[in-house]
Every structure is written in C-alpha cells, then in structure tokens.
Amino acid sequence: MDHHQDRLALPVGTTLDRFIMRKQEDFPYATGELSQLLRDIALAAKIVNREINRSGLIDVTGAYGQQNVQGEEQQKLDVIANIRFIRALRNGGEVCTVISEEEEDMIQTGKNQGKYVVAIDPLDGSSNIDVNVSIGTIFSIYRRQSPIGQEGTQEDCLQKGVHQVAAGYIIYGSSTMLVYTTGAGVNGFTYEASLGEFFLSHPNITTPQSGSIYSINEGSANSFSEGVKQFVQYCKDQNFSARYIGSLVADFHRNLLKGGIYIYPATAKSPKGKLRLMYECNALAFIVEQAGGKASNGTKRLLEMEPTSLHERCPFYIGSTDLVDKAEEFLTKESSAVPVDEQA
Ligand code: AHM
Ligand code: MG
C-alpha cells in the first residue's frame, strides 16, 4: 500500500487479542491457556462496560438490597459484574477456582483441569456508580499449586502476591481501559466501542520515580497515626496536589501515569486499613512494581505479605518509589519512637 492510501485509511492499531498472541510467541512452551484466560476477562469487561455505560437508562443503579461478606451494601452493578466475570471464567475452562470480593467462599468452576486461580474485585469503587464517576475491576492470576484434576484449594487461593503470573485492572472512566502485566512490563489498551475491541494505546507503561500528587482520604486524618500525619504534612510542605476520587483504580491509574502516591492507612474506622490484600492490593502492587514503582504495607514490601484469609485487609501505600520510600521513612520512625506514656 502506498503512502497516500495509508493516509486515507489509517491503520487501527494492535488489538488486545493480537498483542496477547504475539506475547505468547515469546514463550516457546506456552500452551496458550493464560492467553485465553486474559481474553475471557477482556470479554467480560466489555459486557460490564456496556452495562455501566447505559446504567442511567436501565435498572442497574442503586442498591441490590443485600450486604456482601464484609457487611457492605452491595450495588446492583456489583452483583452484575460479579456474575459476568465468574461466568466468563467458568466458561473459559482455564480456571479451577475463583475468589471474589463479593463472595464469602471460594467459587469452584467445575473445571478441575484448569491450571489457574483468579482473585477478583469485579467492581471497585461502587459507591461512585450512581454519580457517574470512574469505577474499576481488579484481578490477579495465580498458577494452582494442587494437582490438576481436582478442585482448587484454599492454599491455591492464598498465595503471596509475588506468585502472581498476571494481574490487571479495567478502568471504566472517560474512556475504558484495560491495563495488565504478565511480569514483563505493563501495557494499556483503550476500548474502541464501535469496533468492540481494546487497542494498544499505552505500550510499556513506566511510572515516574517521583511525583507531586498525594491521594488519601483526609476526612479520617484525626485517626491517622503520627507517621501518616507527618507524611501528609510533608506532602503539604512540598506543595503537592491532593487528588482523591475515592475509586481506587482511578486514583491509582492517574498516579501511575503522572507520578504520586496513594495511601489507605489504618484508621479508627478501619484498624487494618480498608482495602483487601487478595482482591485489590496485590494486583496493583504487581503492576506498580512492573512499571518501576513501589507498594508497601507501610513497613514491608506488599507482595511479600503472607495472606491468612480470603478477605483480609491491609494498610496500603503505593505509587512512585521516592514517595513510598519517604512514607516508609516516617512510619519507621514512628514505630521506633518510644510511646509517650512509656517515656521517663
Ligand atoms: P469497595 O471495594 O467497597 O468499592 O471499596 C473500595 C474503595 C476504593 O475504590 C477506594 O479507594 C476506597 O474504597 C475509598 O474509601 P473511603 O471512602 O473510605 O476513602
Ligand atoms: Mg473493592
């Protein structure tokens, strides 16, 4: 094709499916199951995106009328997204067991030949659904440890974040994007609704070493620990911008691209932090590290945390390496300080 023709009909770019296939060719012994699994997730994401986009028009907004395992009010779209992703994973056949923020117990897909286990938050930030603010889906993929041919076990599901083979998120924002890693960098794809495809739009995402955005719910500042208070004061002293959407995926995505730090610390209301290790923190920690950033529980690398239960929560510090280092510095000083009532 000559140059003129190329200008008349610009190439549409690389689709997610083609990108996944090309990556698979980099691994000579790959069987294609992980690729298929990623495509299953992308299909469910398109369906959920459709429901979200027309949510003011059809009866999917508002509360479902039940609470999830954590006693939180479920939104209708929480339930819909949960059904859609689990159905896609079950039909795909690569996954033996799913754990979901919306379900108390492990979900056995009945596909006992499946090599993988998935942890998913089907719709995060759901309090933002009804007000048309960005929401997201977060997922982690692990290789099962138990022998193939039987149901997945609790041990298969409760692996440390370092054992993830892939992780990603979908952001349903001003545009819809899917961002994922398989441990060889991070790539982002934007959804082209008229073609029904995700296209590679953000190849090889790297996060700035430092940044000037801090994201934390300062409404809880009275119950922050001294170290967190001091770090927030440090951000103000540096004239950083405060940005907090209250939708983790959106806050994370912005900071990933621009540089910054997101914090959900322990507070009086949530003594262990609010976010869940298995459904929210591990996936984003894997992605941020692959993009050159850092994630911590305040004192330790998040991906090294040993999970003990499916729905456990942990304090979360994630973003540009310099800022997470700085936050850890304040927190370490705090933990080595002698409590006031024990001082001589
Ligand atoms: P959810 O999983 O129930 O949607 O809650 C998680 C959300 C995150 O998206 C967000 O960062 C955080 O909760 C906001 O919490 P808060 O309103 O306490 O600041
Ligand atoms: Mg969530």
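Ala, Val, Leu, Ile, Met, Phe, Trp, Tyr, Cys and Pro count as nonpolar here, Asp, Glu, Lys and Arg as charged, and the others, Gly among them, as polar. This is a predicted model, with side-chain atom pairs counted only at pLDDT 80 or more. Residues are numbered from 1 along the chain, and side-chain values use heavy atoms.

Start by selecting ligand 1 and its shell (residues with a heavy atom within 4 Å). You'll pick up 17 residues, the closest being Asp124, Tyr244, Leu248, Tyr262 and Tyr264. By class, the shell holds five nonpolar, five polar and seven charged residues.

Strand 5 (116-124) and strand 13 (261-264), DSSP E runs of at least two residues, each give two or more residues to the shell.

Finally, colour by domain (bounds from an automatic or database assignment): domain 1 (12-202) and domain 2 (213-335) each supply at least three shell residues.

How values were computed. Chains lettered and ligands numbered in written order. Predicted model: local features only at pLDDT ≥ 70, side-chain atom pairs only at ≥ 80, totals over all residues. Helix = DSSP H or I, 4+ residues; strand = E, 2+ residues; numbered from the N terminus.
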